[in-house]
Amino acid sequence: MAIPQLSTEQLQSARAAATEARRARAALKAQVKEAEITLSEALDKATGDETLSRVKVVDLLRSLPRVGVTRSAEIMENLDIAPNRRIRGLGRHQMERLKEMFS
């Protein structure tokens, strides 16, 4: 399948949309990092938003205070969550266990 040729306006629009999506995801992680919202609130917020639901779970965990590479990997392994899983890919039980762990 050939890649479609986009016009200059379409390319600019796509770039702007991608930039806005990255900023929204970064803002969510920053809110968690600054303790403006809890992990549970972030998960609920991301569940209802297509853009935010694409945040990797491990990245969201690493934005928590005192959770780094090692601790986030342990949490993911203990909860049987794949390292590359995104929020939208979490099952109901995985979501509940994550919320319980940080409530």
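S53 is found in the loop between α2 and α3, where helices are DSSP runs of H or I with at least four residues, strands are runs of E with at least two, and both are numbered from the N terminus. This is a predicted model, in which local features need pLDDT of at least 70 and side-chain atom pairs count only at pLDDT 80 or more, while totals for chains, interfaces and linings use all residues. Residues are numbered from 1 along each chain as its sequence is written, and side-chain values use heavy atoms, with hydrogens and water left out.

- S53 counts as buried because its relative accessibility is 3%, where buried means under 20% relative accessible area, exposed means over 50%, and partly exposed lies in between (1.4 Å probe, protein chains only).
- Leaving aside residues up to four places away in sequence, S53 touches A46, R86, I87 and R88, with contact meaning heavy atoms within 4.5 Å.

**The buried face of α2**

- Helix α2 covers residues 39–47, and L39, S40, A42, L43 and A46 are buried in this helix.
- Seen down the axis of α2, these buried residues fall within an arc of 160°, so they line one face of the helix; the arc is taken from the directions from the helix axis to the C-beta atoms.
- An α-helix has 3.6 residues a turn, so residues three or four places apart point the same way.
- The partners against which the buried residues of α2 pack are α1 (8–33), α3 (57–62) and α5 (92–101).

- The axes of α1 and α2 are 10 Å apart and the helices pack at an angle of about 165°, with axes being lines fitted to C-alpha atoms, for helices over the stretch in contact, and angles running from 0 to 180 degrees between N-to-C directions.
- α1 and α2 are therefore roughly antiparallel to each other, a term for angles over 145 degrees, whereas those under 35 count as roughly parallel, 65 to 115 as roughly perpendicular and the rest as oblique.
- On the α1 side L28, Q31 and V32 take part in the meeting, and on the α2 side A42, K45 and A46.
- For α2 and α5, the angle is about 150° and the axes lie 8 Å apart, so this pair too is roughly antiparallel.
- In this second pairing, L39, S40, L43, D44 and T47 of α2 meet M95, L98 and K99 of α5.
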